[in-house]
Amino acid sequence: LPNNWDSMTYHLARVAHWLQHRSVEPYPTSIDRQVVYQPGAEYVLAALQGISGSDRLANLLQLCAWVLVALALAALARVAGAPRRVAPWAAVVFAALPMGVLEASSTQNDLVAGCLALAIVSAALPFMHRERRGRPADAILLGLAIAGGALVKATALVAAAPFLAFALARLVATSRARPRDAVVAVALAAAVALVPVAPEIVRRTRPELAEALARHAQTYTYRGLEAIPDRLLNLGRGVVRHVPSPPSVVAAVGIEGWCQRGEELCQNLLLRPHEDNAGNPLHVLLVLLAGALALARWRRLPARAALVLTAVPAAWVLFHLVFRDNTWISRLETPTYVLAGLGVVAWAARPRPAPLAGKRGRRPAAPAPS
């Protein structure tokens with residue numbers, strides 16, 4: 001049964017209030033997370049609870065997200081260039097993620113955010129081709145995926161941001177002859193995304209909600225260009241949070257306050273099997289190994305594999321430049337670890353085709369007719 005702090009005081013509590021009041025409008029509460037944070041996943045929980053009359057089905061949402069990600073990763077790994085025999089390992093790597101396994105039995109929303117981050121990446125694929133292929137239907141689908149991520153958790157948008165940036169750059173590059181096409185595609189996707197998100201934006205303009213949201217944002221995110229040195233140090237914290245490190249290293253990155261006194265390694269959080277703060281030490285080492293192998297083969301990798309191997313670490317870096325370090329950071333990072341499954345196998349992509357004979361890869365001259 002749901003038993004973690006967030007589920008009992010925030011996720012399921014807001015669903016109970018909605019069903020009791022027969023409305024999803026903000027209500028008076030001393031726990032402002034119930035009315036400030038994105039409600040997308042809880043909308044689904046409310047539907048499940050309203051139909052079943054119980055919260056015993058609430059765990060299904062995260063479990064289904066875990067299954068969907070595992071099923072989709074192999075196909076996306078093939079798109080990223082991974083060979084047929086290697087691609088399924090992307091699903092295995094994700095399915096064995098400690099935080100993912102624990103979250104799959106909870107009623108929180110980080111796996112749902114990871115699933116939607118993957119959906120955004122998938123919907124952006126038509127705009128990543130060298131030739132112009134994006135259609136209006138593709139822009140609509142991308143807008144819906146972005147809206148889903150925005151309604152569930154901002155971490156989904158941060159994880160997918162590097163892929164969206166590349167898709168936008170490629171769209172502009174392939175629409176130079178007809179720049180109107182790029183403008184129409186971006187406008188259509190933005191308009192479609194705005195429709196489901198607009199009501200939440202309007203609600204957050206209320207003074208009391210705007211004040212509470214600003215307070216939470218200041219606690220968990222950096223503002224503007226502030227604290228650049230601390231943001232860079234936050235990249236080190238992102239590794240130490242998962243890999244057991246000596247006390248001197250833990251203190252050097254500034255998170256010794258989270259470790260219990262007397263612990264040689266900060267293991268009270270790293271190796272604790274709990275939905276809120278379990279670490280992913282083997283996965284971090286696996287990602288680092290895959291990165292080293294990718295660098296060794298970089299010149300031989302096809303463009304699509306190079307894209308994934310650039311965007312995945314960029315998503316992780318962006319995450320730690322946006323979100324401050326906190327006790328629950330390994331849970332909030334779940335969307336970036338969902339995408340990491342692609343990076344682990346993309347390094348094995350088949351080499352680029354060898355250039356044809358001739359100087360600088362030119363085609364050899366055709367023989368003269370006899």
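**Notes on a predicted model**

User: Arg22, buried or exposed?

Analyst: Arg22 counts as exposed, because its relative accessibility is 79%. Buried means under 20% relative accessible area, exposed means over 50%, and partly exposed is in between (1.4 Å probe, protein chains only).

User: What am I looking at, and what got counted?

Analyst: This is a predicted model, in which local features need pLDDT of at least 70 and side-chain atom pairs count only at pLDDT 80 or more, while totals for chains, interfaces and linings use all residues. Residues are numbered from 1 along each chain as its sequence is written, and side-chain values use heavy atoms, with hydrogens and water left out.

User: What does the chain average in pLDDT?

Analyst: The chain averages 85, and 89% of the residues score at least 70. pLDDT is the predictor's confidence in each residue, from 0 to 100.

User: Salt bridges now. How many?

Analyst: The count comes to 15 salt bridges. The rule asks for a side-chain nitrogen of Lys or Arg within 4 Å of a carboxyl oxygen of Asp or Glu.

User: What does Arg14 meet?

Analyst: Arg14 and Glu42 form a salt bridge, 3.2 Å from N to O. The pair links distant parts of the chain, with Arg14 in helix α1 and Glu42 in helix α3, 28 residues apart. Both residues are buried.

User: Which residue does Asp110 pair with?

Analyst: Asp110 bridges to Arg331, and the closest N and O atoms are 3.0 Å apart. Asp110 is in helix α7 and Arg331 in helix α17, so the pair ties together parts that are 221 residues apart in sequence. Asp110 and Arg331 are both buried.

User: What about Arg324?

Analyst: Arg324 has a salt bridge with Glu226, with 2.9 Å between the closest N and O atoms. Arg324 is in the loop between α16 and α17 and Glu226 in the loop between α11 and α12, so this pair, 98 residues apart, links distant parts of the chain. Arg324 is partly exposed at 22% relative accessible area, and Glu226 is partly exposed at 26%.

User: Next, Phe323: buried or exposed, and where?

Analyst: Phe323 lies in the loop between α16 (303-322) and α17 (329-332). At 9% relative accessibility it counts as buried. Phe323 and Thr221 are 102 residues apart in sequence, with their C-alpha atoms 4.3 Å apart.

User: And Asn277?

Analyst: Asn277 is in the loop between α14 and α15 (281-296). Asn277 counts as buried, at 8% relative accessibility. Its C-alpha is separated by 5.2 Å from that of Trp328, 51 residues away along the chain.

User: Last topic, the surface. Which residues form the nonpolar patch?

Analyst: Leu57, Leu60, Leu63, Val67 and Leu71 form it, with about 400 Å² of accessible area together. Patches are made of residues with over 30% relative accessible area and no salt bridge; like charges are joined within 9 Å, and nonpolar side chains (Val, Leu, Ile, Met, Phe, Trp, Tyr) within 5 Å. Accessible areas come from the Shrake-Rupley method with a 1.4 Å probe, and for residues only the protein chains shown count as cover. Leu57 lies in the loop between α3 (40-52) and α4, and is partly exposed at 34%.

User: Which residues gather in the positive patch?

Analyst: Arg78, Arg84, Arg304 and Arg350 gather there, on the surface. Lys and Arg count as positive and Asp and Glu as negative, while His and the chain ends are not counted. The place of a charge is taken as NZ of Lys, CZ of Arg, CG of Asp or CD of Glu. Arg84 lies in the loop between α4 (59-79) and α5 (88-95) and counts as exposed, at 61% relative accessibility.

Methods. Helices (H or I, at least four residues) and strands (E, at least two) are DSSP runs, numbered from the N terminus.
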